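My notes follow the order in which I checked them.

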Amino acid sequence: MAETKNLCAQIPIALHTQVCEAREQSGLTTAEYITNLLIEYFEMKGNGGKTIMANNTRTMAFQIPEDKSECYHFSSYQHLL
């Protein structure tokens with residue numbers, strides 16, 4: 001296990017509430033959740049602000065006729081994700 005050190009900061013109540021709710025949904029401890037947030041932030045910052053895709057992802061693209069595009073909605077394809 002890596003050596004650890006405490007980090008404490010005063011943040012706005014609304015942000016605290018948002019973080020707590022997201023942490024609870026993740027099922028992680030506060031330390032795990034904040035550690036993951038900070039790691040993700042610094043990886044993104046080091047990558048020019050772009051999120052890093054996981055190694056096991058593939059890009060999927062498809063085209064539909066322009067006259068049909070208005071009758072299709074993005075939500076129709078969410079089951080593919």
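Below are my entries on the fold, the surface, the cysteines and the pocket.

**Fold.** I kept in mind that this is a predicted model. I looked up the secondary structure and found three helices and zero strands in the protein chain. Read from the N terminus, the elements run α-α-α.

**Helix H1.** I then turned to H1, which covers residues 13–26 and has 14 residues. From its first C-alpha to its last, H1 reaches 20 Å, close to the 20 Å expected at 1.5 Å a residue. Glycine 27 follows H1, and I noted its positive phi, near 80 degrees.

**Surface.** How much of the chain counts as buried? I got 1% of the 81 residues. The protein chain exposes about 8,100 Å², and 56% of that comes from carbon and sulfur atoms.

**Cysteines.** I looked for sulfur pairs within 2.5 Å, and the count of disulfides came to zero. Cysteine 8 is exposed, at a relative accessible area of 67%. Cysteine 20 has 27% relative accessibility and counts as partly exposed.

**Largest pocket.** I found a volume of about 730 Å³ for the largest pocket. H1 and helix H2 (30–46) are the elements that give two or more residues to its lining. H2 supplies the largest share, seven residues. The lining has 21 residues in total, and Leu7, Thr30, Ile34, Thr35 and Leu38 lie nearest the pocket centre. What is the make-up of this lining? I sorted its residues into 13 nonpolar, five polar and three charged.

Technical notes:
Residues numbered from 1 in each chain as written. Predicted model: local features only at pLDDT ≥ 70, side-chain atom pairs only at ≥ 80, totals over all residues. Heavy atoms only, no water. Helix = DSSP H or I, 4+ residues; strand = E, 2+ residues; numbered from the N terminus. Expected span 1.5 Å × (residues − 1). Buried < 20%, exposed > 50% of the residue type's maximum accessible area, 1.4 Å probe, protein only. Areas by Shrake-Rupley, 256 points an atom, 1.4 Å probe, with all protein chains shown as cover. 1 Å grid on protein atoms, 1.4 Å probe; cavity = no way out; pocket = protein on both sides within 12 Å on 5 of 7 lines; lining within 4 Å. Points joined across faces, edges and corners; volume = space filled by probe spheres on them. Nonpolar A, V, L, I, M, F, W, Y, C, P; charged D, E, K, R; others polar.
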